[in-house]
Amino acid sequence: MNDQKPAAPVLGGGGFLRIRLDLSYDGGPFSGWALQPGLRTVQGVLEEALALLVRRPVRVTVAGRTDAGVHARGQVVHLDLTQAEWLGLNRGVELDPAVALLRRLRGALSRGLGDLTGAIEVHLVSVAPPGFDARFSALWRRYSYRIADGPALWDPLERYFTLWHKNPLDVDLLNAGASQLLGLQNFLSFCKPREGATTIRELQRFEFARGEDGVIVATVQADAFCHNMVRALVGSALFVGEGVEEPGWLHERLLAKKRDAKSVLAAPHPLVLEEVAYPSDGEMLARAELTRAVRE
């Protein structure tokens with residue numbers, strides 16, 4: 001580890017430094033990512049910890065907002081600090097400010113979480129490249145979803161992050177249906193649309209595989225996801241995996257472009273945000289501008 005104090009980084013627009021945080025969390029104890037009055041959320045706890053360190057309100061931007069009960073292993077956020085705030089984090093010690101912020105933020109989170117210590121872990125702090133935006137610079141997000149289809153596979157030690165599904169599922173049928181949804185599509189039938197926002201997304205991966213332990217893991221990857229989209233995709237696919245619906249039914253649902261009684265959400269607790277991918281440093285700004293133009 002380099003204990004030498006580095007040269008001050010170049011300030012970005014508005015005189016602020018953009019800081020990237022890579023973190024993970026157990027979503028079980030939280031009412032989702034986003035701030036909600038009177039409720040404990042991941043964003044709320046994180047922003048409270050940051051405010052204690054820099055002594056002012058801090059707002060973070062996240063790569064992908066997660067619902068209540070949904071977990072993250074590879075979440076990314078950004079925040080903006082002044083140069084004085086950034087360099088002052090080490091409190092006079094000749095230490096890289098990124099290392100200082102990481103250590104102090106872990107301590108603040110531990111104090112703020114109390115008996116939930118460890119439910120949120122920050123793994124990396126870094127100065128973001130020019131133009132970086134945790135949300136809009138992302139190329140894609142990848143989620144996983146665990147399903148134990150039958151009592152013989154129900155492990156009590158894994159019940160908090162695995163769906164216990166009563167009926168057996170056919171992986172081949174699941175994949176036959178899922179493959180028909182790939183590509184750039186309007187996923188209105190599989191998401192809760194937000195006012196003024198598009199429901200067109202590029203679904204890059206939607207596949208199921210049974211592991212050596214017998215548990216099925218779904219992998220879902222897209223450039224971005226609408227609200228509830230992953231849970232709706234998995235929930236609908238389960239009808240096909242059971243043989244209740246034909247594989248082509250998923251494509252029919254897609255073409256219908258409507259939410260109705262058949263729009264079923266899978267439970268949130270097995271869902272994990274695994275990874276968020278970004279372009280090279282020199283392409284961050286161009287990617288963010290392109291995504292903003294499409295999404296907003």
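**View 1. Strands β7 and β8 run antiparallel and are joined by four bridges.** This close-up, like the others here, comes from a predicted model. β7 covers residues 183-186, and β8 covers residues 200-210.

View 2. A handy landmark is Glu207, which stands opposite Thr219 in β9. What sits between the two strands of the hairpin? There are five residues there, and Gly214 takes a positive phi near 90 degrees in this hairpin.

**View 3. Phe208 and its neighbours in the largest nonpolar core.** This core has 82 residues, and Phe208 is one of the four that touch the most other members, along with Leu21, Leu46 and Leu105. Zoom in on Phe208 and, leaving aside residues up to four places away in sequence, you'll find it touching Ile147, Val171, Leu174, Asn175, Ala178, Ile216, Val217, Ala218 and Ala237.

**View 4. The largest pocket, with about 930 Å³ of space.** Its lining is made up of 42 residues, and those that lie nearest the centre are Gly64, Arg65, Arg194, Phe225 and His227. Elements giving two or more residues to this lining are β2 (61-62), β5 (140-149), α5 (229-242) and α7 (284-295). Which of the elements gives the largest share of the lining? That would be α5, with three residues. By residue type, the lining splits into 18 nonpolar, 12 polar and 12 charged.

**View 5. Arg55, a residue other than glycine with a positive phi.** Its phi is near 60 degrees. Look for Arg55 in the loop between α1 (42-54) and β2. Is Arg55 buried or exposed? With a relative accessible area of 72%, Arg55 counts as exposed.

**View 6. Lys257, another loop residue with a positive phi that is not a glycine.** As a bit of background, most residues other than glycine have a negative phi. Here Lys257 has a phi of about 50 degrees. Its loop lies between α6 (248-256) and β10 (271-277). The relative accessible area of Lys257 is 44%, so this residue is partly exposed.

Terms used. Residues numbered from 1 in each chain as written. Predicted model: local features only at pLDDT ≥ 70, side-chain atom pairs only at ≥ 80, totals over all residues. Heavy atoms only, no water. 1 Å grid on protein atoms, 1.4 Å probe; cavity = no way out; pocket = protein on both sides within 12 Å on 5 of 7 lines; lining within 4 Å. Points joined across faces, edges and corners; volume = space filled by probe spheres on them. Nonpolar A, V, L, I, M, F, W, Y, C, P; charged D, E, K, R; others polar. Pairing = 2+ DSSP bridges. Core = buried A, V, L, I, M, F, W, Y, C linked by side-chain atoms within 4.5 Å. Buried < 20%, exposed > 50% of the residue type's maximum accessible area, 1.4 Å probe, protein only. Contact = heavy atoms within 4.5 Å.
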